[in-house]
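User: I would like to learn how to read the packing and side-chain features of a model, one at a time. Could you start with the way helices lie against each other?

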Amino acid sequence: MSLQSKTALVTGSTSGIGLAIARALAQHGANVVINGFGKPDAIEKERAGIEAEFHVRAQYSAADMTKPEEIAAMVAEAEREFGAVDILVNNAGIQYVSAIEEFPVEKWDQIIAINLSSAFHTMRAAIPGMKQRGWGRIINTASAHSLVASPYKSAYVAAKHGIAGLTKTAALELATHKITVNCISPGYVWTPLVEAQIPDTMKARGLTKEQVIDDVLLKAQPTKEFVTVEQVAAIAVFLCSEAASQITGINMPVDGGWTAQ
Ligand code: NAD
C-alpha cells in the first residue's frame, strides 16, 4: 500500500503514539506534518530523521492544541506547503488523575481543549480541502476510556467519550465524500503519558509503583501486556488504505481485551 503523494498531519506527534503513527505513514510514502511540544533539538532530530529514513518531506508545527487560531493556521500552513491535508490524525492528548471534587478547573478545561475540542478545530479547517479533492482520512486517537470509565479520570473519560461521538457525527456528514472518520481506542500503551500518571495514581490510591502497574493499569488488560505504539500505528495505516474505504464511524479497540469485559 502506498500513500505517496498524500500528506498527513498528526497532532501530538513529537512523542509516543503520535510519533509512531507519523513514522508509519511516512514509511508508506506520505509527507508528514508533525506537531507537539518538546526540546527543539529532539524534535528537529525526529523531523530530519523521518525525511532521511523514509525519503518524504516532514515539517514541524509548534501549534498549541488549546489555541483554535494556532490550529487553523497549522492546517492552512500545511495546505500551503504541501497542497493538501489528506490524512488528519487527531492524537494530541494529556491526562490528569484526581477526584472530581479536587480536580483543578484549569486542568478540566485544558483536557477538554486538547483531547476533544482540538479535533473539532482541525476537522473544521481540513474538511473543506478534503471535500474539494474527494478523498480524506480522519483518524482520532480515542482510548478504551472512550468506551468505559475509570475513577479519577473524569475530564479524560469525558473528552474521550466526546471524541467517539464526534467521530460518528463526522463520519455520517462525510460519508458520501470518500472521507472516512474513525477512532482507534488503545488500552494501556507504554508512553510518557502513562509513565507520568503513575505518581498521581500512587497518591490518589495510596499504592506503590508496582501496584499501580499490576493492579491498576494491567489489571484492566486481560492479556497482561502493554499495547505497543507500533501496533496502534499499524491500524492507522490500514485505515488509510483503500481496503478500509467502507470502514467509517467505527471505534476500534486495541486494548488486549479490556473492553470485552
Ligand atoms: P505522549 O505524552 O507520549 O504524547 C502526547 C503528545 O501530545 C506529545 O507529542 C505532546 O507534546 C502533545 N501535546 C500535549 N499537549 C499539547 C498541546 N497543547 N498542543 C500540541 N501538542 C500537545 O502520550 P501518548 O500516550 O502517546 O498519547 C497520545 C494519544 O493517545 C493521546 O490522545 C492519549 O490520550 C491517547 N492514548 C494513550 C494511551 C496510552 O496508554 N499511552 C492509551 C489510550 C489513548
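Analyst: Angles between axes under 35 degrees count as roughly parallel, over 145 as roughly antiparallel, 65 to 115 as roughly perpendicular and the rest as oblique. The axes are lines fitted to C-alpha atoms, for helices over the stretch in contact, and the angles run from 0 to 180 degrees between N-to-C directions. Helices (H or I, at least four residues) and strands (E, at least two) are DSSP runs, numbered from the N terminus. This is a predicted model, in which local features need pLDDT of at least 70 and side-chain atom pairs count only at pLDDT 80 or more, while totals for chains, interfaces and linings use all residues. Residues are numbered from 1 along each chain as its sequence is written, and side-chain values use heavy atoms, with hydrogens and water left out.

User: At what angle do helix H1 and helix H2 pack?

Analyst: Helix H1 (residues 16–27) and helix H2 (residues 40–54) pack at about 25 degrees, with their axes 9 Å apart, and H1 and H2 are therefore roughly parallel to each other. A crossing is left-handed if the near helix is turned anticlockwise from the far one by less than a right angle, and right-handed if clockwise; the crossing of H1 and H2 is right-handed. Leu19, Arg23, Ala26 and Gln27 of H1 make the contact (heavy atoms within 4.5 Å) with Glu46, Ile50, Glu53 and Phe54 of H2.

User: How do H6 and helix H7 pack?

Analyst: H6 and helix H7 (residues 209–217) have their axes 9 Å apart and pack at an angle of about 95 degrees, which makes H6 roughly perpendicular to H7. On the H6 side the contact is made by Val194, Ile198, Thr201, Met202 and Arg205, and on the H7 side by Lys209, Val212, Ile213, Val216 and Leu217.

User: How many aromatic pairs are found in the whole structure?

Analyst: A pair of aromatic rings is described by the distance of the centres and the angle of the planes. Rings of Phe, Tyr and Trp (its six-membered ring) pair if their centres lie within 6.5 Å, and planes under 30 degrees apart count as stacked, over 60 as edge-to-face and the rest as tilted. A search of the whole structure finds three such pairs. One of them joins tyrosine 96 and phenylalanine 103, edge-to-face at 5.3 Å centre to centre and 75 degrees between the planes. Buried means under 20% relative accessible area, exposed over 50%, and partly exposed in between (1.4 Å probe, protein chains only); tyrosine 96, at 24%, counts as partly exposed, whereas phenylalanine 103, at 9%, is buried. Tyrosine 188 and tryptophan 258 form a stacked pair, 5.1 Å centre to centre with 15 degrees between the planes. Tyrosine 188 lies in the loop between strand E6 (179–186) and helix H6 (192–205) and tryptophan 258 in the segment after strand E7 (251–254), so the pair ties together parts that are 70 residues apart in sequence. Both tyrosine 188 and tryptophan 258 are buried.

User: Which residues is threonine 180 in contact with, leaving aside its neighbours within four places in sequence?

Analyst: Threonine 180 lies in strand E6 and is buried, with a relative accessible area of 3%. Its contacts, with those neighbours left aside, are Gly136, Arg137, Ile138, Leu239, Ala244, Ser245, Ile247 and Thr248.

User: What is the phi of lysine 178?

Analyst: Lysine 178 has a positive phi of about 60 degrees although it is not a glycine. Lysine 178 is found in the loop between helix H5 (154–174) and E6, and is exposed, with a relative accessible area of 61%.
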